[in-house]
Amino acid sequence: MIITLVVVGIFVGLAMVNNSDANQTRFEKQPPIDGQPTIGDPDAPVTVVEFGDFKCPSCKVWGESYFPQLMQDYVDTGKVKLAYVNVLFHGEESILASLAAESVFKQNPEAYWEFHHGLFAEQANDHNARWVTPETILEVASNVEGIDTDLLADALENQAEMAEVQKDDALVKEFKVQYTPTIMVNDVLIDDPFDYEAIQAAIEKALEEN
Ligand code: CA
């Protein structure tokens, strides 16, 4: 058993620990969410982290269906706080979208989530279409109350929040994110982000452990 654990540790990385539950990976800690856009009661006992990419079609679907379901079932009831970390799997456009989102968050955290969902709503049906542009970003921002679009344009031009984007990228590497969206409930990686029952079960377990 000990030897098995050591071998597994070598192959899957040091941050993971073995877990007897099927279809679950448990890390030694949960992703730190300081400085990340987070919705819900800051004192909520359970933390759900979405590692997402504005260019990812599955993330758009997740955000339109699973996000509101989690809000209704767990965030609005004070049990869960939900944080979003940027993933850059689609290159330049992922970086630009992340810079925009981080800049909005820096400028006015209150405006973040509306901008976040607004940007996802602009995602092109053609996955290869280049749709993340400064023009699209500023158009979305102009429809969200509380965003100064001139300041945002400057921030994009100067890549003002690149350090935040890199911080997210480091978390993606630390937690070995392989696909988007990747959903973690506290320190538990949910294997299938579209298995709502698995997400619920992990949340309920975390609430019990709390
Ligand atoms: Ca971030």
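Reader: How are the donor residues of the calcium ion spaced in sequence?

Author: The spacing reads Q-x65-E-x65-D. Glu-102 sits in helix H3 (residues 92-107) and Asp-168 in helix H7 (residues 162-174), so this pair ties together parts 66 residues apart in sequence. Helices here are DSSP runs of H or I with at least four residues, strands are E runs of at least two, and both are numbered from the N terminus.

Reader: Which atoms are the protein donors?

Author: Gln-36 (OE1), Glu-102 (OE), Asp-168 (OD) and Asp-168 (OD), lying 2.2 to 2.6 Å from the calcium ion. A donor is an N, O or S atom within 2.8 Å of the metal (3.2 Å for Na, K and Ca), and water is not among the atoms, so a site may look incomplete.

Reader: Before I go on, what kind of model is this?

Author: This is a predicted model, where local features need pLDDT of at least 70 and side-chain atom pairs count only at pLDDT 80 or more, while totals for chains, interfaces and linings use all residues. Residues are numbered from 1 along each chain as its sequence is written, and side-chain values use heavy atoms, with hydrogens and water left out.

Reader: Ok. Glu-102 and Asp-168, buried or exposed?

Author: Both are buried. That means under 20% relative accessible area; exposed is over 50% and partly exposed is in between (1.4 Å probe, protein chains only).

Reader: New topic: how many aromatic pairs are there?

Author: Ten. Rings of Phe, Tyr and Trp (its six-membered ring) pair if their centres lie within 6.5 Å; planes under 30 degrees apart are stacked, over 60 edge-to-face, the rest tilted. One of them is Phe-27 with Phe-175, tilted, at 5.1 Å centre to centre and 50° between the planes. Phe-27 is in strand E2 (residues 24-27) and Phe-175 in the loop between H7 and strand E6 (182-185), so they tie together parts 148 residues apart in sequence.

Reader: And what about Tyr-66 and Tyr-196?

Author: Their ring centres are 6.1 Å apart with planes at 65°, so that pair is edge-to-face. Tyr-66 is in helix H2 (residues 57-75) and Tyr-196 in helix H8 (residues 196-209), so the pair ties together parts 130 residues apart in sequence. Ring pairs also link these two with Trp-62 and Phe-194 into a cluster.

Reader: Where's the kink in H2 centred?

Author: On Gly-63, at about 40°. The bend at a residue is the angle between axes fitted to the seven residues ending there and the seven starting there.
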